[in-house]
Amino acid sequence: MKFKFLNTSLVSLILSASCLVNISHAGLITLGDSLSGGGVDGWQAIMVINENDAYTNTSGTTELVTLSNFNFTVGNYRGQVTPFVVKINNATTNDFTLMAIGDTRYSGLDYFGLGDVSFGFSAALNQFSLAAGETITSGFLDADANGVSSGSVIPFIGGDSLFLTGGSANSQSGNLSQGVGNSPTFGASTFNNGLGRDYSYNITAEISSVPEPTTLAIFALGMIGLASRRLKKKS
């Protein structure tokens, strides 16, 4: 009987500790712009990183980022689009680290005409930790992750200062083949914050705090103490 009670207390401890992960600094964020009309680029495959609409962890503790949806306006019914999220190490030197790469979306398979569409960021759950003071932002590649494209898809209007790389031909595209934890590969030409444009896309994510190990340890000791007192009273 004592063992059963202790076992139940430990299960409650685990469940309570897991709940603590999501109780502070939780909220939905949007990386990117609102969906709108505009014109598409003439380049064959471009990579856009929006340094303007970024998110910085100001909570003072590590946060968990759970990516949910990739939303965009189809301005040209062709090609493919791949969303991604980067950590901005240095915006001046365009130093980025890939944090997550989403599923490539294809014309004729995922979208069938012009207009606004919304998809899950990826078929797999995409989560990563963001340390205090670190900054992330969104991007997209008008191609698959390897840079293969048949033309630009997402339209733009004037607005944000951003990083853009690629070229007029498919062979000049940037790519994401280096994978998460590495820098994206830039294309033949780059514009270092030289173009003021709002691209009609965004990525949504849920932010939740990850408690410090000391917080969990104190909580665990408290729960074990309570369980111990209950056992002594029953004995």
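Biologist: Is E134 buried or exposed, or something in between?

Modeller: In this predicted model, E134 has a relative accessible area of 23%. Buried means under 20% and exposed means over 50%, so E134 is partly exposed.

Biologist: With which residue does E134 form a salt bridge?

Modeller: The partner is K87, with the closest N and O atoms 3.4 Å apart. K87 has 18% relative accessibility, so K87 counts as buried. E134 sits in the loop between β9 and β10, while K87 belongs to strand β5, so the pair ties together parts that are 47 residues apart in sequence.

Biologist: How many salt bridges are there?

Modeller: The count is 4 salt bridges. R105 takes part in one with D103, at 3.9 Å between the closest N and O atoms, and in one with D110, at 3.4 Å. Through shared partners, D103, R105 and D110 join into one network. R105 is buried at 14% relative accessibility, whereas D103 is partly exposed at 24%.

Biologist: Now the rings. How many aromatic pairs are there?

Modeller: There are 10 aromatic pairs. In one of them, the centres of F72 and Y111 are 5.7 Å apart and the planes stand at 90 degrees; planes over 60 degrees apart count as edge-to-face, so this pair is edge-to-face. F72 is in strand β4 and Y111 in the loop between β7 and β8, so the pair ties together parts 39 residues apart in sequence. Both residues, F72 and Y111, are buried.

Biologist: Which residues form one aromatic cluster?

Modeller: The cluster consists of F70, F72, Y77, Y111 and F119.

Conventions:
Residues are numbered from 1 along each chain as its sequence is written. This is a predicted model: local features need pLDDT of at least 70, side-chain atom pairs count only at pLDDT 80 or more; totals for chains, interfaces and linings use all residues. Side-chain values use heavy atoms; hydrogens and water are left out. Rings of Phe, Tyr and Trp (its six-membered ring) pair if their centres lie within 6.5 Å; planes under 30 degrees apart count as stacked, over 60 as edge-to-face and the rest as tilted. Helices (H or I, at least four residues) and strands (E, at least two) are DSSP runs, numbered from the N terminus. Buried means under 20% relative accessible area, exposed over 50%, partly exposed in between (1.4 Å probe, protein chains only). A salt bridge is a side-chain nitrogen of Lys or Arg within 4 Å of a carboxyl oxygen of Asp or Glu.
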